[in-house]
Amino acid sequence: MDSEQTILTFIAKVITYGGSGAAVAYGIFRIFAEKWLDNRFAERLEALRHSQSKELEDVRYKINALFDRVTKIHEKEFEVLPEAWSRLTEALAHVAAFVSQLQRYPDLEQMSQPQLEAFLSKSCLDKIEKEELIAPTSTSRLDYYRERMFWYQLSDVNKFCREFHVYIQKNSIFLSEDLKENFTKIDDLMWSCIIDREIGHEAKDHKMWISASKRVRDEAEPLKKNIEALVQQRLKYEKAE
């Protein structure tokens with residue numbers, strides 16, 4: 001590039017001072033000028049191509065990174081939703097059974113001693129409770145059994161609802177706003193029904209028991225149906241024709 005600049009300077013001086021070689025020098029000057037311009041243009045073009053290529057590569061990287069994040073979020077959502085639905089189904093089934101007014105118990109009063117012992121061997125009651133149930137007291141065996149089983153059922157239903165609650169809280173970032181709202185709503189509703197049933201039992205207020213059972217039927221079950229539809233929509237579920 002320095003040699004070209006030197007030649008161009010020399011030719012420019014020849015043209016300036018004139019002479020017989022001026023025309024020839026001018027022609028040479030044009031050739032060198034065109035070549036110089038072509039080289040400069042090629043350099044600029046290559047630099048532009050390199051710059052655009054780098055920009056395109058940066059954009060491609062950002063798009064791929066964004067797509068990768070979105071894909072991972074969707075994959076996690078497809079993992080979370082079926083599990084959340086499964087835990088909800090289990091929790092609500094236990095709540096419905098706990099607050100149901102149709103509680104069935106064995107007729108312990110009519111059992112013989114061997115029958116009672118065989119039944120208790122498979123019962124969840126602990127050793128002391130089994131001994132207390134068998135021992136003759138003023139409290140009927142059935143009443144004692146009902147009272148003890150209430151607390152076992154309460155512990156059981158709390159366990160399933162707690163597991164559902166924790167799972168929803170841990171994975172709420174992967175839930176759409178409408179699903180998060182509905183899952184939270186039914187979570188609160190189930191806990192409310194459990195509390196009403198427990199307080200009603202301790203206070204011997206049968207109306208609270210009836211209210212809890214009615215709320216599960218009239219509020220929780222329809223809400224579950226709505227969640228089911230939302231989950232199917234998110235998972236692109238379609239019924240077979």
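In this predicted model, arginine 197 lies over the face of tryptophan 209, at 3.7 Å from the ring centre, where a charge sits over a ring if NZ of Lys or CZ of Arg is within 6 Å of the ring centre and within 35 degrees of the ring normal. Lysine 159 is placed over the face of phenylalanine 160 at 4.5 Å from the ring centre.

Residues are numbered from 1 along each chain as its sequence is written, and side-chain values use heavy atoms, with hydrogens and water left out. Local features need pLDDT of at least 70 and side-chain atom pairs count only at pLDDT 80 or more, whereas totals for chains, interfaces and linings use all residues.

The structure holds five aromatic pairs (rings of Phe, Tyr and Trp, the last by its six-membered ring, with centres within 6.5 Å; planes under 30 degrees apart count as stacked, over 60 as edge-to-face and the rest as tilted), among them the following.

| Pair | Centre to centre | Angle between planes | Geometry |
|---|---|---|---|
| Phenylalanine 98 and phenylalanine 150 | 5.3 Å | 35° | tilted |
| Tyrosine 105 and tyrosine 145 | 6.2 Å | 90° | edge-to-face |

Phenylalanine 98 and phenylalanine 150 are both buried (under 20% relative accessible area, with exposed over 50% and partly exposed in between, for a 1.4 Å probe and protein chains only), and Phe98, Phe150 and Trp151 form one aromatic cluster. Tyrosine 105 counts as partly exposed because its relative accessibility is 26%, whereas tyrosine 145, at 9% relative accessibility, counts as buried.
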